[in-house]
Amino acid sequence: MKHFLRVLTQLLVFLYCKCLWRGLKFVIRKVTGRCELQRICYNNKPGARRTLKIESSLKCSKHELLQSAVSVHPDSVEKTIDDIMSLKKINLDTNPQLGISLQACLLQIAGYRNLVVEVEKLRREPYDCENPAHEEMLMKLWKELRPDSPLSGRISKQWCEIGFQGNDPKTDFRGMGLLGLHNLLYFAEHDKATALQVLHDSLQPKHRNLSKEEASKMSKAEWDKKKFDKAIGYSFAIVGINITDLAYSLLVSGALKTHLYNVAPEMPSLVNFQQTFCYLMQEFHRFWIEEDPCDIMEFNRVRTKFYKRVLKQLKNPDMALCPHFTASDLHLVNL
């Protein structure tokens with residue numbers, strides 16, 4: 001019975017999408033004198049709310065020209081708009097704003113698609129200690145985060161001071177490739193005060209306040225261990241690589257379209273993605289402190305909870321990170 005109801009529901013949805021909805025759109029166009037693209041552009045403000053609807057409308061169209069519009073090269077956007085106007089029999093001279101609005105939407109769609117490709121390329125490129133450019137970036141990261149502490153050698157325990165796991169950071173970049181290093185360096189260079197503060201906090205021991213009742217049930221050794229826990233506490237660089245993975249997941253799933261379409265008037269770029277990473281690092285740090293985990297073993301639980309919170313916020317099409325930067329001033333706002 002459940003299978004039958006599921007099949008029936010799918011059939012009704014199919015009929016609605018293929019027949020009723022198209023019939024309804026035809027009636028609305030006759031009544032209003034505007035096609036769906038015109039209604040979306042005129043009834044929605046610029047940003048994610050408009051671009052997401054335009055993207056959905058084009059993808060669901062029965063016309064191949066409209067379907068292919070979401071995958072055109074940025075250099076072909078103007079010609080594509082002319083073709084759409086011709087197909088829809090819209091006079092561009094009497095509807096100049098429509099062409100401008102469609103151009104902005106298509107550039108955002110193309111920019112997001114190109115950004116996914118660029119980020120994926122960085123993620124797939126492994127760190128190569130034989131590559132001078134890679135080594136230069138790594139050394140620059142150390143100098144930005146530890147300006148007063150010269151590195152004793154390329155292979156050194158000092159790397160643990162900025163949150164790498166061992167003597168050679170290259171092994172920690174395997175999951176996210178060069179993307180992790182790019183993001184960490186961008187954070188350290190472009191929002192240095194915040195990066196240094198987060199690093200400093202991550203190294204601090206965490207004082208845990210225990211009630212007298214809790215303390216009375218413990219031996220002195222247990223009480224000391226609980227009272228002065230080692231970690232506020234996480235490894236800065238390792239968490240940065242992990243948050244890079246989180247940002248990457250948001251990007252490739254399409255969840256970041258809400259934010260990027262709201263903050264990038266035309267084509268989202270790698271800088272927009274790196275600024276998003278800076279925001280996520282700062283917010284995760286705050287979230288970690290709020291969650292007050294017992295130790296680093298709770299990292300996955302806290303990360304999953306944080307990821308779900310960000311996802312929920314980004315489901316609002318009017319939600320975005322503050323369009324200005326530095327990251328220390330970033331917070332989610334309702335535009």
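Throughout this tour, buried means under 20% relative accessible area, exposed means over 50%, and partly exposed lies in between (1.4 Å probe, protein chains only). The structure is a predicted model, in which local features need pLDDT of at least 70 and side-chain atom pairs count only at pLDDT 80 or more, while totals for chains, interfaces and linings use all residues. Residues are numbered from 1 along each chain as its sequence is written, and side-chain values use heavy atoms, with hydrogens and water left out.

**The whole chain**

The chain holds 15 helices and 4 strands; helices (H or I, at least four residues) and strands (E, at least two) are DSSP runs, numbered from the N terminus. Of its 335 residues, 44% count as buried. Contact here means heavy atoms within 4.5 Å. Among contacts with a separation of 6 or more, residues 24 or more positions apart account for 64%.

**Helices H2 and H3**

Select residues 36–43, helix H2, together with residues 48–60, helix H3. Two packed helices are described by the angle between their axes and the distance between the axes. Axes are lines fitted to C-alpha atoms, for helices over the stretch in contact, and angles run from 0 to 180 degrees between N-to-C directions. H2 and H3 pack at about 170 degrees, their axes 9 Å apart, which makes H2 roughly antiparallel to H3. In this scheme, angles under 35 degrees count as roughly parallel, over 145 as roughly antiparallel, 65 to 115 as roughly perpendicular and the rest as oblique. On the H2 side the contact is made by Glu36, Leu37, Ile40 and Cys41, and on the H3 side by Arg50, Lys53, Ile54, Ser57 and Leu58. These residues divide into 5 nonpolar, 1 polar and 3 charged, where Ala, Val, Leu, Ile, Met, Phe, Trp, Tyr, Cys and Pro count as nonpolar, Asp, Glu, Lys and Arg as charged, and the others, Gly among them, as polar.

H2 is largely enclosed by the rest of the structure, because 6 of its 8 residues are buried. They are Glu36, Leu37, Gln38, Arg39, Ile40 and Cys41.

Now centre the view on arginine 50 in helix H3. Is arginine 50 buried or exposed? At 10% relative accessibility, arginine 50 counts as buried. Not counting residues up to four places away in sequence, arginine 50 touches Ile40, Cys41, Asn44, Lys45, Ser101 and Cys105. Its C-alpha atom is separated by 9.8 Å from that of leucine 37, 13 residues apart along the chain.

Move to threonine 80 in helix H5 (residues 77–88). Threonine 80 is buried, with a relative accessible area of 7%, and its contacts beyond four places in sequence are Ala69, Val72 and Leu106. Next select lysine 89, in the loop between H5 and H6. Lysine 89 is exposed at 75% relative accessible area, and its phi is near 55 degrees, a positive value in a residue other than glycine.

**Helices H6 and H8**

Select residues 96–124 (H6) and 177–190 (H8), whose axes come within 3 Å and cross at roughly 105 degrees. H6 and H8 are therefore roughly perpendicular to each other. Val119, Leu122 and Arg123 of H6 meet Gly177, Leu178, Leu179 and His182 of H8. This contact comprises 4 nonpolar, 2 polar and 1 charged residues.

Within H6, pick glutamate 120. Glutamate 120 is buried, at 15% relative accessibility. Its side chain is joined to that of tyrosine 248 by a polar contact of 2.4 Å (a pair of N or O atoms within 3.5 Å; within protein, one must be able to donate a hydrogen and the other to accept it, and residues adjacent in sequence count only if both atoms are side-chain atoms).

In H8, show phenylalanine 187, which is buried with a relative accessible area of 0%. Beyond four places in sequence, phenylalanine 187 is in contact with Lys192, Thr194, Ala195, Phe236, Phe277, Cys278 and Met281.

A nonpolar core is a set of buried Ala, Val, Leu, Ile, Met, Phe, Trp, Tyr and Cys residues joined through side-chain atoms within 4.5 Å. Which members of the largest nonpolar core touch the most other members? Among its 81 residues, they are Phe273 and Leu280. Leaving aside neighbours within four places in sequence, phenylalanine 273 is in contact with Leu115, Val119, Leu179, Asn183, Ala247, Tyr248, Leu251 and Leu256.

Finish at aspartate 292, in the loop between helix H14 (270–291) and helix H15 (299–314). Aspartate 292 counts as partly exposed at 39% relative accessibility, and has a positive phi of about 50 degrees although it is not a glycine.
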